[in-house]
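Please keep the sequence and the three-dimensional view side by side while reading. The paragraphs below proceed from aromatic rings to charged pairs and then to individual residues.

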Amino acid sequence: RLDPDEYLHARKQLKRAVSEHYHALEVLNNYRILNITGFRKALKKFEKLTGILVQDVYMKEKVDPCTFASDQVVQVLLGEMEDLFTARFAKGDRKRALGHLRAGSSRTTHHFSTFRTGLALGLAFPALIDGIVRTPNASRYTIVENSTVYLWDSADSHPFCIPRGHKSANLEHCEDQLRLYLRWILELLPCIALATLCWAFWLSFARAGEPVIQPWTWPMIWLLFVVVLMINPLPVMSRASRWWFLRTVARLLKSGFSRVEFADFWLGDQLCSLAFPLSNIYFIACSYARGFHSSSLQKCGRPAPWGIPFVLGALPLVVRFVQSIRRWWDSRLITHLINGGKYFTGIVFSFCYYLWRHNGAGRDTSFVFFCLFGTIYSTYATYQDVLMDWSLLRPHARFMFLRQELLYPSHIPFYYLAIITNVLIRFIWVIYIPTRGPSLALRAWIAALLEVLRRCQWNVYRLENEHLGNMDQYRITREVPLPYSFDELSHETDAGDEDDHPNVRGSGHSSKSK
């Protein structure tokens, strides 16, 4: 019995294959036109130099009878592909099918997007700087600082880069529509959110509207604005992009029940670096519910049900662990189980950390387990980052301790810097050990900020390794593998496609789902 996920995956591959075949036929037809044009230009040059009119006669007797001069076969094949795509993938809408098949690649500039980003940042930083200057004068509004810093960290720490569209999970299937989605999700929305957040930050510490509007109201107004911005059903601010992003986030909530695509585990990895803001959701909610008093801050900062912050902070790790199990179930590759072990140790380490904090952060048994599992998790994660996700530290590489192929050979020192900083930040939990110095809350904020910076760095080299892996596996190609083997079909028909084994791939190429 066919798995619905396997059917959808095969349908996506077939749709992509038909599109690629149509484009290949267009290239062939253009090549035919190019050859005919070359003959005509050469004959025209000959007539100009010799004064002998031979173009019409030569074309009629020598060129036109040749096979490449006729477009009948190509036009028939193009028509068949258009009819097939219209019937199978466009629900009979020929205009929609032709719009998809004939959509060519367009070159776009980024001058306006650069201006728009700069404008948003220019509006954000003055308010941010002035708000920071006003902070020492607002000591009686400590909760505002905590709330705003939390919301600021939540909004500005999403280094999402999700190369996934509606076609497939592999990088080679990023299309113009996906680029439009990501351009709005990664560029415009964060800039608007950051600019408005900085002004909410400034309004809080400037005590604007007091006493009618309390300082701690502005962060909630900003949060409500962002929520409305994302779920706005009106066709403005790229509704398709926003809803595509929300659907991708929603897939994380049902991890394990459907095929894990690239965007799913990529987004899960990003959320793993946001454990600090996620765990502080309880602190913010508790503070707003109890009121902004010193006693409320103490109770909310060290809640009796300490399991709630632990669950919220460890939720991304649980999602990634479930995704790894599902990917192993689908592919039977042991590497996914190894990767899942990293997230499982991360869950245990997070549990030991919150248990140690709940016990007073002293030197007891919970501290020993905290250090033990912290060392195991950091070592495990560092191994996965450097050797698996980045594919560095390869023997006999052209560059020592790196790999044979690099996309940035003119920036070799940054690879070594990334390795060193990644190891150091993975072990950042050691800043909790000293009994003197800044408070644990401040140390946690510093560690969270460094983790976000590490994730941004990780994204760059992870994408580089993904791109090189796609090339090694021949996944970046105009010839898209079909979801069935040619030698298993005795005739060309669509009737038996749904009965093909999901693990069979097209001959001559491999198709590995990431």
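Two rings of Phe, Tyr or Trp (for Trp, its six-membered ring) are treated here as a pair if their centres lie within 6.5 Å; planes under 30 degrees apart count as stacked, those over 60 as edge-to-face, and the rest as tilted. By this rule the count comes to 25 aromatic pairs. One of the pairs is formed by F310 and F351, whose ring centres are 5.6 Å apart and whose planes stand at 75°, so the arrangement is edge-to-face. The two residues are 41 positions apart and link distant parts of the chain, with F310 in helix α14 (residues 307-331) and F351 in helix α15 (residues 334-358). The model under discussion is a predicted one.

R327 lies over the face of F265, at 4.3 Å from the ring centre. A further case involves R455, whose charged end sits over the ring of W458 at 4.5 Å from its centre.

F265 directs attention to helix α10, of which it is one of the buried residues. How many of the residues of α10 are buried? The number is 11 of the 11, so the helix is largely enclosed by the rest of the structure. The buried residues of α10 are F262, A263, D264, F265, W266, L267, G268, D269, Q270, L271 and C272.

The charged pairs come next. A search of the whole structure finds 14 salt bridges. One is formed by D269 and R320, with the closest N and O atoms 3.0 Å apart. D269 lies in helix α10 (residues 262-272) and R320 in helix α14, so the pair ties together parts of the chain that are 51 residues apart in sequence. Both D269 and R320 are buried.

D385 takes part in two of the bridges considered here, with R426 and with R454. In the bridge between R426 and D385, the closest N and O atoms are 2.8 Å apart. R426 lies in helix α17 and D385 in helix α16, so this bridge ties together parts that are 41 residues apart in sequence. R426 counts as buried at 10% relative accessibility, and D385 counts as buried at 0%.

In the bridge between D385 and R454, the closest N and O atoms are 3.3 Å apart. D385 lies in helix α16 and R454 in helix α18 (residues 440-472), so the pair ties together parts that are 69 residues apart in sequence. Both D385 and R454 are buried. Through D385, therefore, helix α16 is tied to helix α17 and to helix α18.

Elsewhere, E82, D83, R94 and R102 are linked in a network of salt bridges. R94 is also among the contacts of T86, which, apart from neighbours within four places in sequence, touches K91, G92, D93, R94 and A97. T86 itself lies in helix α3 (residues 72-89). Is T86 buried or exposed? T86 is buried, because its relative accessible area is 9% and the cut-off for a buried residue is under 20%.

Another residue placed in a helix is S204, in α7 (residues 176-205). S204 is buried, with a relative accessible area of 1%. S204 and T217 are 13 residues apart in sequence, while their C-alpha atoms are 7.8 Å apart in space.

The last stop is the loop between α16 (365-389) and α17 (412-426), where L393 is found. L393 has a positive phi of about 60° although it is not a glycine. At 38% relative accessibility, L393 counts as partly exposed. F401 lies in the loop between α16 and α17 as well. F401, too, has a positive phi, of about 70°, although it is not a glycine.

How values were computed:
Residues are numbered from 1 along each chain as its sequence is written. This is a predicted model: local features need pLDDT of at least 70, side-chain atom pairs count only at pLDDT 80 or more; totals for chains, interfaces and linings use all residues. Side-chain values use heavy atoms; hydrogens and water are left out. Helices (H or I, at least four residues) and strands (E, at least two) are DSSP runs, numbered from the N terminus. Buried means under 20% relative accessible area, exposed over 50%, partly exposed in between (1.4 Å probe, protein chains only). Contact means heavy atoms within 4.5 Å. A charge sits over a ring if NZ of Lys or CZ of Arg is within 6 Å of the ring centre and within 35 degrees of the ring normal. A salt bridge is a side-chain nitrogen of Lys or Arg within 4 Å of a carboxyl oxygen of Asp or Glu.
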